[in-house]
Amino acid sequence: MNKNVGIVIVSFLFALVLWLYLNLNQSFSLDLSIPVIINSSKTQALAEEIPNNIDVKIRGKGWNLLNILISQDLVYELDISKMKKDSKIITEQFVNERLKLQTDITVIDINPDTIDINFDKVSEKKVPVRNNIVVNLRDGYSIIGDAKLNPDSVSIKGASYLLNKIKYIPTVTKVFNNVNSNISGTITLKDTLQNLLKVEKSSVDFFIKVQLSAEKNYEDIEVKILNVPEDKEVLLIPPKITISIRGGVEELTSISASELIPNIEYNSIEEDTLGFIIPELVLPENTNLMKIEPQKLQYIIKKKQEN
C-alpha cells in the first residue's frame, strides 16, 4: 500500500513538472508596477509631482518572466541630487537596465514613458490647519465656539515655488452624527502632495464643545450714551431695554446682566435723521443675539443748566 502511494506521488510531481515546463515555454504578458523612490540633497525639493509608480507591460517566455518576478527587487530609485534642473528621464532605458531584459522579452508598454524632473531650493514655513470636521447635532443642541485644534498650525517644507501657493493644510473630512455632547479625538491631515511636501505632523488633536441650547432674557438693562459733550445731556425713551440671547446652557448660566452693556455713541444721535436710534451691543463669547426690546429708542437732547 505504501509503495503504491509513493508511486502516485512521484507520478504527480513528474506530471506537474512536465506541465510547468511545457506551459512556461509559451509566451505570456506580464504587468509590473515599479515604485519610484526619490533621493535628494538637503537643499533640493521637487517643484512638480512625479508618478509614484512606473507601469510596465512586457511579453516573453514564462520561464524568463518568472525569473524577473522572483529575482528582482523592483524599485526605481531616482537620485535627483546628481541631476540638473529641468531634467528628463527616459523610463524605458531604466526598465531595460534594471530588469536586465533578455533579447526574447519585449517591452509592450510603459507609462509614463518619460519623467520630467523640476526642482527648487528647499524652504520652510508655518501654515494654519483648516478643520474639515462636520458635526450634525441632535435637535436642541449647539456647538459652543470654534473647534479647538492642537496644534492649530504646522510647519511644512518643500520647494519655494510650491510653498508660496500653500495657505493652509486641511484635515481629512470626518462626520459626526446625532451629537449631544463634547467630542474629541485625533484627525489626520490631508496630504495630497506626498512627493513634494514634508509636513511636520501627520495628525492633530481636536476638541468640539457641545451644549444643550437655551434662550435667556435679561431685563431692565440700562443703555449707556458715550462721549456726550459736557454741556449736553441725553434722555432715552425708554432708558432701559430687554436683551434676549441664545447659547449653551452652561454658558448662559455664567453670564450676568452686568456683562451686557448696550451703548450709543453721541455722534450717531447728532447725525440721526429718523428720530430714533438703535443701540449697539458687544455679546459675550459663544452667544447669539435673538432680539432687543424695544429695538429703536427715541431721544431728547437737552442743554445742561448751569448751577
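1. With which side chain does that of glutamate 215 meet in a salt bridge? The partner is arginine 246, at 3.9 Å from N to O, where a salt bridge is a side-chain nitrogen of Lys or Arg within 4 Å of a carboxyl oxygen of Asp or Glu. Glutamate 215 lies in strand 16 and arginine 246 in strand 19 (residues 240-248), so this pair ties together parts 31 residues apart in sequence. Glutamate 215 is partly exposed at 41% relative accessible area, and arginine 246 is partly exposed at 32% (buried is under 20%, exposed over 50%, partly exposed in between, with a 1.4 Å probe and protein chains only).

2. On provenance, this is a predicted model, in which local features need pLDDT of at least 70 and side-chain atom pairs count only at pLDDT 80 or more, while totals for chains, interfaces and linings use all residues. Residues are numbered from 1 along each chain as its sequence is written, and side-chain values use heavy atoms, with hydrogens and water left out.

3. The structure holds 3 salt bridges, and another of them joins the side chains of lysine 209 and glutamate 251 at 3.0 Å, N to O. Because lysine 209 lies in strand 16 (residues 203-222) and glutamate 251 in helix 5 (residues 249-253), the pair links parts that are 42 residues apart in sequence. Glutamate 251 is buried, with a relative accessible area of 14%, whereas lysine 209 is partly exposed at 28%.

4. As to overall make-up, the chain has 6 helices and 22 strands, which are DSSP runs (H or I of at least four residues for helices, E of at least two for strands) numbered from the N terminus. Of the 307 residues, 33% are buried.

5. Contacts, meaning heavy atoms within 4.5 Å, deserve a separate remark. Leaving aside neighbours within four places in sequence, isoleucine 117 is in contact with residues including Leu46, Ile50, Met83 and Asp86. Among contacts in the chain between residues at least 6 apart in sequence, 77% join residues at least 24 apart.
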